[in-house]
Amino acid sequence: MTAAVPLRSIDPITSSAAVRVPFLDLRVTDNDERIEMLEALARVLHHGHILNGPEVAELEAAMAARCGQRYGIGVGSGTDALIIALRALGIGRGHEVIMPALSFVATANAVALVGAKPVFCDIGKDLNINPALIERLITPATKAIMPVHWAGRICDMPIINQIAEGHHLPVIEDASQAFGSSRGGNPAGSFGHIACFSMNPMKTLNALGEAGMIVTDNAALKERCERLRYHGMADKEYCVELSGNHRLDTLQAAFVLVRLKRHNENMRKRRELAHFYNKSLAGTVVCLGEDMNERMAYYTYTIATELRDDLKTHLERDGIESKIHHAVLMPHQQIYQTNTPGKWPCAERMMKRVLCLPLHEKMTMEQAGFVVDSVKRFHAHTSAFK
Ligand SMILES: *Cc1c(COP(=O)(O)O)cnc(C)c1O
């Protein structure tokens with residue numbers, strides 16, 4: 001049996017001795033946050049609306065408002081959000097959806113799962129879909145453009161929306177990594193006809209499990225999403241189209257609401273760490289930070305360097321966890337058999353160089369300083385041998 005954990009816990013962040021800077025730390029170590037989580041649980045236990053409880057509607061309204069959209073539709077995960085958004089737009093067999101070659105494979109899988117074909121577009125140096133390459137991929141079968149705000153960095157949406165409008169195509173934002181990010185003062189989720197968020201524990205706004213959200217301004221789309229979220233039921237009795245169960249748990253909604261209250265403060269901490277990295281690493285490695293008109297939520301902090309694999313090993317020896325997002329591009333996954341090397345030259349080049357450094361709310365400045373020192377030591381050592 002494991003030892004009892006006190007409800008009030010103030011144990012410090014203790015990572016395993018070998019890991020001095022973990023990539024993420026999903027424990028709830030802040031005592032106030034822990035109490036608020038337990039109170040949220042107690043509220044749900046008390047009101048007993050375990051399914052479709054008031055917390056779901058509250059979170060839907062709160063997230064939609066933050067995105068400048070009228071409606072929120074809570075669902076079971078970010079993947080569910082994408083699948084339901086696609087289906088609500090009538091996308092299925094025989095259709096194509098244009099997306100970047102670089103994303104978590106869920107983006108392509110959602111499209112394939114509704115029976116449509118993901119069409120992969122190369123990315124730019126910002127790691128987002130390159131808008132200049134979209135138009136040549138549009139065919140009569142194209143039914144939507146699905147940009148992904150990679151690492152929390154917002155795509156060039158004015159241009160993407162202009163292309164979409166020119167071809168009468170809807171835009172579905174995969175904003176899974178970008179809750180809280182904004183560009184030109186406009187938040188992630190405010191640009192497309194419909195936008196999808198994941199609140200899985202790794203994301204910048206997160207649950208204690210799986211959770212997702214769709215936001216839109218369109219009442220008809222909202223209604224269809226609500227229907228598709230639960231067995232295509234038009235009301236409690238009549239099933240009018242085929243679907244499964246993709247509902248958001250009341251309990252997870254309650255936990256996300258607790259975290260939403262803390263989101264601005266968490267974003268401030270993430271951005272402070274990111275700015276410290278930007279300043280300290282400039283000239284040592286390429287930092288894929290934000291432009292002047294952006295406020296990034298920094299889902300991850302990404303650097304690029306020719307010596308990526310050696311740097312990763314070096315950091316590991318210093319007890320610093322880092323990650324490659326993602327070594328395998330979506331079109332190179334075996335299920336997408338569009339494996340032509342050289343077709344996504346920028347994505348292929350960048351994926352050999354990118355590395356995500358640890359960055360999360362629980363990280364201290366001291367830990368960030370330790371990461372910077374390690375990167376600099378590596379750089380000094382390797383440039384001495386050039
Ligand atoms: C996390 C993520 C998803 C999937 O979200 P889940 O909640 O894990 O299903 C989809 N797209 C992107 C870009 C993501 O980062």
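Student: Where does Leu-127 lie?

Tutor: Leu-127 is in the loop that runs between strand 3 (117–121) and strand 4 (142–145), where strands (E, at least two residues) and helices (H or I, at least four) are DSSP runs numbered from the N terminus. This is a predicted model, in which local features need pLDDT of at least 70 and side-chain atom pairs count only at pLDDT 80 or more, whereas totals for chains, interfaces and linings use all residues. Residues are numbered from 1 along each chain as its sequence is written, and side-chain values use heavy atoms, with hydrogens and water left out.

Student: And what is the phi of Leu-127 near?

Tutor: Its phi is near 75°, which is a positive value in a residue other than glycine. Most residues other than glycine have a negative phi, and most peptide bonds are trans.

Student: On peptide bonds, is the one from His-325 to His-326 cis or trans?

Tutor: The bond from His-325 to His-326 is cis, with omega near -10°, and His-326 is found in the loop between helix 9 (308–317) and helix 10 (345–350).

Student: Switching to the ligand, which residues come nearest?

Tutor: Among the 14 residues around the ligand, those that come nearest are Gly-78, Thr-79, Asp-174, Ser-198 and Lys-203, a residue being counted as near if one of its heavy atoms lies within 4 Å.

Student: At what angle do helix 3 and helix 4 pack?

Tutor: Helix 3 (residues 78–88) and helix 4 (residues 106–113) pack at about 40°, and their axes are 9 Å apart. Axes are lines fitted to C-alpha atoms, for helices over the stretch in contact, and angles run from 0 to 180 degrees between N-to-C directions. Helix 3 is therefore oblique to helix 4, given that angles under 35 degrees count as roughly parallel, over 145 as roughly antiparallel, 65 to 115 as roughly perpendicular and the rest as oblique.

Student: Which residues of helix 3 and helix 4 meet?

Tutor: From helix 3, Thr-79, Leu-82, Ile-83 and Leu-86 meet Ala-106, Thr-107, Ala-110, Val-111 and Leu-113 of helix 4, contact meaning heavy atoms within 4.5 Å. These residues divide into seven nonpolar, two polar and no charged, where Ala, Val, Leu, Ile, Met, Phe, Trp, Tyr, Cys and Pro count as nonpolar, Asp, Glu, Lys and Arg as charged, and the others, Gly among them, as polar.

Student: How do helix 3 and helix 6 pack?

Tutor: Helix 3 and helix 6 (residues 219–229) pack at an angle of about 125°, with axes 9 Å apart, and that makes helix 3 oblique to helix 6. Ile-84, Arg-87 and Ala-88 of helix 3 make the contact with Leu-221, Arg-224, Cys-225, Leu-228 and Arg-229 of helix 6, which by class gives five nonpolar, no polar and three charged residues.
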